[in-house]
Every structure is written in structure tokens, then in C-alpha cells.
Amino acid sequence: MLNLKWETDVTSRLSRRRFGLALAIPALTAPAFMGRSRAHAASPVRIGYQKNGSLVILRQQRRLEALGIPAEWIEFPSGPPMLEALNAGAVDFGATGDTPPIFAQAAGADLLYAGGQPVSGRNAAILVRKDVPIHKLGDLRGKRLAFTKGSSAHNFVVRALASASLGPGDVQAVQLQPSDAAAAFRQGSIDAWAIWDPFFAIAQQEPGTRVLTTAENIAPSNSFFLASRNFAERDADRLLTLLGAINEAADWADRNPDDLARIMAEVTGVPLAVQRVAAARGVYAVQAVDDAIVAQQQAIADSFATLRIIPRRIDIRAAVWTPPRQIAGARP
């Protein structure tokens, strides 16, 4: 059986969280503005994170606090609810896969792409039950395929189906959050599941699970660090410091793979042996969102608009943050 206790705990804690509304901005007299600047410098950066990636390292090692940046860490089960919170003013910064910011931007969210992470796709897969006769992507026709709507798995599914000359309407889409999809997969109420690590690594250990394909060579893409426009414009220096801290954490992760797996296991509750698999497939460094990343993200957005998955066409470049200086530690 899959270890679902930690996933249920995550969902429960998240459902109990209440997001507050932003306070009214005072009049911008000179004394008031100076007071606001000092208050912003002292106020915590509200960071949305999931059960993977660089932000887990920052949180566990208290790297931001060591740099004099207080942080409030808010856990999310996937990218879409995180960006809903960011748009509502309850989160300043977070990390997601490629698809959540496309859905958010199409819905009018005022977010900015602060940094990118090119990923190969080996940390995501379409899993099938061994007792279901699915041996190639074309066999998914008519089958019950679960994924989280608006997540990176959504893009993976669209591109995987297209590679087999199938469209979204050729499968029975079952849109579930990861913990619910894990339970459905275990119980046999779905035939296939598109998912990322560490959920992928957990399910991969089950004897009844088979990997149909990973996203590698099908949907290589990018993960992103995203900021609210208000935070990026108000606190550019702290945002740059945060991104630089991510690269310092990435350097540490490269040098300490065993300790990385241990840190991830502490957060997820996943057995260390399983977490070693997931951690080794992760990407941790951040770079500026360059023309190649913009073009790749724009292609995904355009395909979603053509398929009417999102309601309108969007301009990715219009949502890219231009940092005042280079991100520290960015790799070529």
C-alpha cells in the first residue's frame, strides 16, 4: 500500500489554513514611505512550497533567516492552489512547474516569473497498474487517466497524448490532487496516473505499479520561481537575495546527495531509500528567465489556448521579471 498518511496530513493542514487580506496602503507621505520601507524589511517573506525542490532545503536549513530575512513557510499540495494564494495576496513567492503560471496568468493573476529551472522530465511519469492492458501511449485511449488540473502533469498529459496522435478528449480525464489520485490508483478506480516526485518515487516502489513513460523526451520543460508583482517591485533586493540563496542551496545539494535525501525525508515522511530516488532526479539551481525559456513556455501556453484548455491567449514575456542585477550563482 502507498504511504498516504503524510499526504492526508498535508491536505488537512492546508484546509485549516486561513489566508488574510492585505492591509490598506497608507498615504505616501515621506515619513509614511520611510516607515513602510522599514516595515517591509522586517516583515517575513511569505513563501509557498511543496514537498520537493530547493525551497525545502532553504526551509529546513533556515538559510534565509541566516541572511536576515524572516520567512513564513506555507505548504501546498500542488502549484495551482499556491498561485491562487499568491494572486489573493497571501503568498509573496513560490515554486511550481510549467503549467500553473499559465493557468494563473490566463485567469488574470498579477504574477511575475522571477527565475527558471530547466528540467529534463525524468522526475515525472505516467504510471499504470500492472493488471491493466496499457503498454504504449496509444493504449490510453478510452482509459481513466488521472492528473492534477493546471499542474505540470497537465502539460505532460497533453504532450504525451499528442505524441501518440491522441487528444485530451480521447481519454477519460480524472482530475485529482496528488493524495486523492494516489488513493484512487491504489484502489484501482483509475487506470493511469500522471504525477511528479516524490509521489512518483513512492508509487514506483509498489509491486503493482509500472512506469509507462517518463516526461523525458516527451515533455522536457521548466519549473519556475514566481513572485507577486507587488513583492518583486517593492522588495527587489530581498527577492534577489532569495534567488541567490536558492543557488547556494543547489551547490550544497550537489555536494551532499545523502544529506539532501535526508532533509527531504524529514519534510515528506517518505522512507529515506525512496527519497534518495526522488532527490537524485531533482533540479535545484535557478537562472534568469531567458529567451529560450520564454519561447518554451509560450509554446505551451499557445497550445493550451488552441485546445481551449485556457480561455484566452497570453503573453509570457509580459510577465517576466527583469532583475536589477544578475542572480548570484546562476549557472550558464
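What follows is a working chat about the cavities, helix contacts and backbone details of a predicted model.

Trainee: What should I keep in mind about the numbering and the model?
Mentor: Residues are numbered from 1 along each chain as its sequence is written, and side-chain values use heavy atoms, with hydrogens and water left out. The model is predicted, with local features needing pLDDT of at least 70 and side-chain atom pairs counting only at pLDDT 80 or more, while totals for chains, interfaces and linings use all residues.

Trainee: How many cavities of 30 Å³ or more does a search of the whole structure find?
Mentor: The search finds two, where a cavity is a set of points, on a 1 Å grid over the protein atoms alone, at which a 1.4 Å probe fits but cannot get out. The largest cavity has a volume of about 660 Å³, a volume being the space filled by probe spheres set on the points, which are joined across faces, edges and corners.

Trainee: And what lines the largest one?
Mentor: Its lining has 43 residues, and Asn52, Gly97, Asn123, Trp196 and Ser223 lie nearest the centre of the cavity; a lining residue has an atom within 4 Å of a point. By class there are 21 nonpolar, 19 polar and three charged residues in this lining, with Ala, Val, Leu, Ile, Met, Phe, Trp, Tyr, Cys and Pro counted as nonpolar, Asp, Glu, Lys and Arg as charged, and the others, Gly among them, as polar.

Trainee: Which strand gives the largest share of that lining?
Mentor: That is strand β10 (residues 221-228), with five residues; strands (E, at least two residues) and helices (H or I, at least four) are DSSP runs numbered from the N terminus.

Trainee: Where does the largest cavity lie relative to the domains?
Mentor: It lies between domain 1 (45-119 + 221-319) and domain 2 (124-214), because both give residues to its lining; the domain bounds come from an automatic or database domain assignment.

Trainee: Switching to helices, how do α6 and α7 cross?
Mentor: The axes of α6 (residues 99-106) and α7 (residues 152-163) come within 6 Å and cross at roughly 100°, the axes being lines fitted to C-alpha atoms over the stretch in contact, with angles from 0 to 180 degrees between N-to-C directions. The two helices are therefore roughly perpendicular, a label for angles of 65 to 115 degrees.

Trainee: Which residues meet there?
Mentor: Thr99, Pro100 and Phe103 in α6 meet Ser152, His154 and Asn155 in α7, where contact means heavy atoms within 4.5 Å. This contact of α6 with α7 has two nonpolar, four polar and no charged residues.

Trainee: What about α11 and α12?
Mentor: Helix α11 (residues 236-255) packs against α12 (residues 257-268) at an angle of about 115°, with the axes 5 Å apart. On the α11 side Trp252, Ala253, Asp254 and Arg255 take part, and they meet Pro257, Asp259, Leu260 and Ile263 in α12.

Trainee: Last topic: which peptide bond is cis?
Mentor: The bond from Asp197 to Pro198 is cis, with omega near 5°, and Pro198 lies in the loop between β8 (192-196) and α9 (199-204). Another backbone detail is Ser165, which has a positive phi of about 60° although it is not a glycine, and Ser165 lies in the loop between α7 and β7 (172-175).

Definitions and conventions. On a 1 Å grid over the protein atoms alone, a cavity is a set of points where a 1.4 Å probe fits but cannot get out, and a pocket is an open set with protein on both sides within 12 Å along at least five of seven lines; lining residues have an atom within 4 Å of a point. Angles under 35 degrees count as roughly parallel, over 145 as roughly antiparallel, 65 to 115 as roughly perpendicular and the rest as oblique.
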